[in-house]
Amino acid sequence: TITSGATASAIDENSGAGQVIYTATADDSADVSDTPIIFSLSEDSDAALSINSLTGVVTLNTNPDYEAQDSYSFAVIATDAAGNASTAQSVTLDINNLDEVAPTITSGATASAIDENSGAGQVIYTATADDSADTSDGVTFSLADEALGFTINAETGVVTTNADFVADYESAQSQSFTVVATDAAGNASNQVVSVAINNLDEIAPTITSGATASAIDENS
């Protein structure tokens, strides 16, 4: 009679191959006990599992990946020395899903155009991200370099110009910043965003006529 349970302790994905995930035990005291008891797995058990026939130790021979397979199933059989076999004990091993995939930034690569020399406090972009590829405990936003004249709200993803913002169309027709979206596990993704600078009529005309008028006659 198999005395070990129907559930193996869950293990984390990406935790490595060769892990001991279960130990089968059996009781052969109902009549004459013929030792040793030999353990085996049923033919329909997952091929990634193997069992030590003497100890009952079951090993997962592959590196678990929740996205590829979220559980494994097998059935243990105990056979005594006389050839009497137990009823197969079905066992399930669950794989824990971990936060291993970086968020995907879903906002575009272009911010709203801004006027040159327009100063701080302008909202020009809102970063958004999708972290649903695996488990998610939320996403925080940051910029790779805030010294470029832009600031981001870590929770809302709103990007504004700050006191370091200096834009002059005559010097550069566009600027850029890099948004970083980071999940709770530290997985991060980047998005470079460009900002067009609007050219304004800020320069006074240059008078091209000379400094001398044509002479005229008196009393004319």
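Analyst: The chain has 16 strands and 0 helices. The model is a predicted one, and the description below should be read accordingly.

The overall dimensions provide the setting. Along the principal axes, the C-alpha atoms of the chain fill a box of roughly 145 × 25 × 20 Å. The radius of gyration of the chain is 36 Å, whereas a compact globule of 220 residues would have one near 17 Å. Of the 220 residues, 30% count as buried. The accessible surface of the chain amounts to about 12300 Å², and carbon and sulfur atoms account for 48% of this surface. With regard to sequence separation, 64% of the contacts between residues at least 6 apart in sequence join residues that are at least 24 apart.

Turning to the part requested, the largest pocket has a volume of about 200 Å³. Its lining consists of 14 residues. Those nearest the centre of the pocket are Thr1, Asp27, Asp28, Asp80 and Asn84. Sorted by class, the lining comprises 5 nonpolar, 5 polar and 4 charged residues.

A separate residue, Ser86, may be considered next. Ser86 is placed in the loop between β6 (71–79) and β7 (89–96). Is Ser86 buried or exposed? The relative accessible area of Ser86 is 18%, and the cut-off for a buried residue is under 20%; Ser86 therefore counts as buried. When neighbours within four places in sequence are left aside, the residues in contact with Ser86 are Ile2, Ile77 and Ala78.

Two backbone features remain. Asn14 is not a glycine, yet Asn14 has a positive phi of about 60°. This residue, Asn14, lies in the loop between β1 (11–12) and β2 (19–23). Asn14 has a relative accessibility of 39% and so counts as partly exposed, since that class lies between the limits of 20% and 50%.

Asn219 likewise has a positive phi of about 60° although Asn219 is not a glycine. Asn219 belongs to the segment after β16 (188–198). With a relative accessible area of 79%, Asn219 is exposed, because the cut-off for that class is over 50%.

In summary, the requested pocket of about 200 Å³ is lined by 14 residues, in a chain with 16 strands and 0 helices.

Definitions and conventions. Residues are numbered from 1 along each chain as its sequence is written. This is a predicted model: local features need pLDDT of at least 70, side-chain atom pairs count only at pLDDT 80 or more; totals for chains, interfaces and linings use all residues. Side-chain values use heavy atoms; hydrogens and water are left out. Helices (H or I, at least four residues) and strands (E, at least two) are DSSP runs, numbered from the N terminus. The radius of gyration is taken over C-alpha atoms; the globule rule is 2.2 Å times the number of residues to the power 0.38. Buried means under 20% relative accessible area, exposed over 50%, partly exposed in between (1.4 Å probe, protein chains only). Contact means heavy atoms within 4.5 Å. Accessible areas come from the Shrake-Rupley method with a 1.4 Å probe; for residues, only the protein chains shown count as cover. On a 1 Å grid over the protein atoms alone, a cavity is a set of points where a 1.4 Å probe fits but cannot get out, and a pocket is an open set with protein on both sides within 12 Å along at least five of seven lines; lining residues have an atom within 4 Å of a point. Grid points are joined across faces, edges and corners, and a volume is the space filled by probe spheres set on the points. Ala, Val, Leu, Ile, Met, Phe, Trp, Tyr, Cys and Pro count as nonpolar, Asp, Glu, Lys and Arg as charged, and the others, Gly among them, as polar.
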